[in-house]
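This report describes selected local features of a single protein model. The sequence and structure are shown first, and the description follows.

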Amino acid sequence: MDQAFKFEKYKYISSVYPYNSLLARIVMGNLNVQTKDVSENGFTAQPGIWDGELERDSFGIYELDCNKKAALISLVEHCKANDIQLYMVYSPSYKKYLNVSPSHKYIEEICKRENIEFISFRNSASYMDNELFHDPDHLNDIGAAIFSKDLSHILKEKIILKNKY
């Protein structure tokens, strides 16, 4: 397996891969430790406010996981075959990126080649507020609500515009 990170193959083998971001919550639940878990339709709110500085970040060069690339292509093909309008979204983070990641570049290339709308909140001035983030990479519950509303508004406008013509 050709993965970008050395532990990816173990995540695939363990069948935990789809739940890796929830692993701590799953363990806590199995131990009957009370947590303040607010889940709705697959979303678990991240409470708290990030009190760190705005990070400046840059991506190194890494090889993309061929399994993830194949999964993206499969998704695109499935949507096209079933006449499903697909939008790709890059969510905000509390970082000022100095360059573009190989993953981001790859997704942009696929979107351009396949005529898929790519909606990016990367380096969005609207989200350069630490009070919207749980940590630099994850919105908190307040930020997630704002992001959901913003994205919903954008998608509604695009769908209405598409249906007009």
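## Helix H5

In this predicted model, a side-chain oxygen of Asn140 comes to within 3.1 Å of the backbone nitrogen of Ile142, at the start of H5. Helix H5 covers residues 141-164.

Four residues of H5 are listed as buried: Gly143, Ala144, Phe147 and Leu151. In an α-helix there are 3.6 residues a turn, so residues three or four places apart point the same way.

Lys95 belongs to strand E5, which comprises residues 95-97. Its relative accessible area is 9%; because the cut-off for a buried residue is under 20%, Lys95 counts as buried.

The side chain of Lys95 forms a polar contact of 3.3 Å with the side chain of Asp57. Apart from neighbours within four places in sequence, the residues in contact with Lys95 are Leu54, Glu55, Asp57, Asn123, Met128, Pro136 and Asp137.

## Packing of H3 and H4

Helix H3 (residues 66-81) packs with helix H4 (residues 102-114) at an angle of about 25 degrees, and their axes are 12 Å apart. H3 is therefore roughly parallel to H4, since angles under 35 degrees count as roughly parallel. The crossing of these two helices, H3 and H4, is right-handed.

On the H3 side, the residues that meet H4 are Lys69, Leu72, Ile73, Val76 and Lys80. Their counterparts in H4 are Tyr106, Ile107, Ile110, Arg113 and Glu114.

Conventions: Residues are numbered from 1 along each chain as its sequence is written. This is a predicted model: local features need pLDDT of at least 70, side-chain atom pairs count only at pLDDT 80 or more; totals for chains, interfaces and linings use all residues. Side-chain values use heavy atoms; hydrogens and water are left out. The expected span of a helix is 1.5 Å times one less than its number of residues. Buried means under 20% relative accessible area, exposed over 50%, partly exposed in between (1.4 Å probe, protein chains only). A polar contact is a pair of N or O atoms within 3.5 Å; within protein, one must be able to donate a hydrogen and the other to accept it, and residues adjacent in sequence count only if both atoms are side-chain atoms. Contact means heavy atoms within 4.5 Å. Axes are lines fitted to C-alpha atoms, for helices over the stretch in contact, and angles run from 0 to 180 degrees between N-to-C directions. Angles under 35 degrees count as roughly parallel, over 145 as roughly antiparallel, 65 to 115 as roughly perpendicular and the rest as oblique. A crossing is left-handed if the near helix is turned anticlockwise from the far one by less than a right angle, and right-handed if clockwise.
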